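I opened this model to look up its aromatic rings, its sheet and its helix packing. My entries follow.

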Amino acid sequence: MNLSTFLPDNALEYRHFLAAAFIMAENAGNIQMTYFRKSGLRQSTKLNDSDVVTIADKESEASILDYIHQHFPLHGIISEESGSDHEDREWRWIIDPLDGTTNFANGLPPFCVSIGLEHKQETVLGLVFAPYLGECFYAIKGAGAWLNGKAIRCSDNARLSKAVVATGMPYDRNENSDNNLSEICKMALRVRGIRRMGSAAMDLCYTAAGFFDAYWELNLNIWDISAGRLIATEAGAIVESIRKGRNHSILASNPHIHASMREILLAK
């Protein structure tokens, strides 16, 4: 893809990084497609039976990390499977090599590669690539968001009763009382529909593109939301933290229904 054909002038300084993110995402996506819906997929669990990891996660991550080490040796990295590598550096990449692993392992299409780039702890670039669906979302801070080369904006629906929203639940929902179940029950009575895609990165991107009117989720990690949060923000959505603490609990929605969504989610 010729980046200069769609990047505005104020984003050209990041074209080298975005081109690299395209390459890393495509390489990881190709790895994933070699395993998707194939018998005998090697998989295991981490924290519990809901927290799945597969050989595709590990090989996708290895491909991305190798590229960063080769082309950006002075950059730090935070990645889901491998943890942190010089995370205190001025530039750092935030990687989820396969977001939606449970979907992937069960042959369901909503899975993706998520790549964010921070400069001095501020996200300046985000890319989310869903290889099976052929959808590539990306954004540059202050310059907008795109899906497959076309600019995207969040929805303009102003009626909560007509809203289709997305959410998810944490892996430790059986042990963690802050597991989003009560919020889902409250929200279900106020909106047209709730969807659970199983990928926080894709939920944020679909909110950015207006496919969802809003999305919220509790107790996420930075690699779940780094790229998608920027994409949603650059597409005009309001993205806000709704919990204090080490983990990330966020609400992303179009500006018209944000206040109503927030009131429902924070009501005691």
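**Aromatic rings**

I looked up the aromatic pairs and found that the structure holds 13. Rings of Phe, Tyr and Trp (its six-membered ring) pair if their centres lie within 6.5 Å; planes under 30 degrees apart count as stacked, over 60 as edge-to-face and the rest as tilted. I noted that this is a predicted model, in which local features need pLDDT of at least 70, side-chain atom pairs count only at pLDDT 80 or more, and totals for chains, interfaces and linings use all residues. Residues are numbered from 1 along each chain as its sequence is written, and side-chain values use heavy atoms, with hydrogens and water left out.

I took Phe-17 and Trp-93 next. Their ring centres are 6.3 Å apart and their planes stand at 75°, so the pair is edge-to-face. Phe-17 is in helix α1 (residues 15-35) and Trp-93 in strand β5 (residues 91-99), 76 residues apart, so I wrote the pair down as a link between distant parts of the chain. Phe-17 has a relative accessible area of 13% and is buried (under 20% relative accessible area; exposed is over 50%, partly exposed in between, with a 1.4 Å probe and protein chains only). Trp-93, at 0%, is buried too.

I then checked Phe-36 and Phe-111, a tilted pair with 4.8 Å from centre to centre and 50° between the planes. Phe-36 is buried at 4% relative accessible area, and Phe-111 is buried at 0%. Phe-17 came up again in one aromatic cluster with Phe-72, Trp-91 and Trp-93.

**The sheet**

Which order do the strands of the open sheet have? I read β4-β3-β5-β6-β7-β8-β9-β10, eight strands with mixed pairing. Helices (H or I, at least four residues) and strands (E, at least two) are DSSP runs, numbered from the N terminus. Two strands pair if DSSP finds at least two bridges between them. The edge strands, β4 (83-85) and β10 (150-151), each pair on one side only. β6 and β7 (residues 122-130) pair in the antiparallel sense over seven bridges.

**Helix packing**

I looked at α5 (residues 200-208) and α6 (residues 222-234), which pack at an angle of about 0° with axes 8 Å apart. Axes are lines fitted to C-alpha atoms, for helices over the stretch in contact, and angles run from 0 to 180 degrees between N-to-C directions. That makes α5 roughly parallel to α6 (angles under 35 degrees; over 145 is roughly antiparallel, 65 to 115 roughly perpendicular, the rest oblique).
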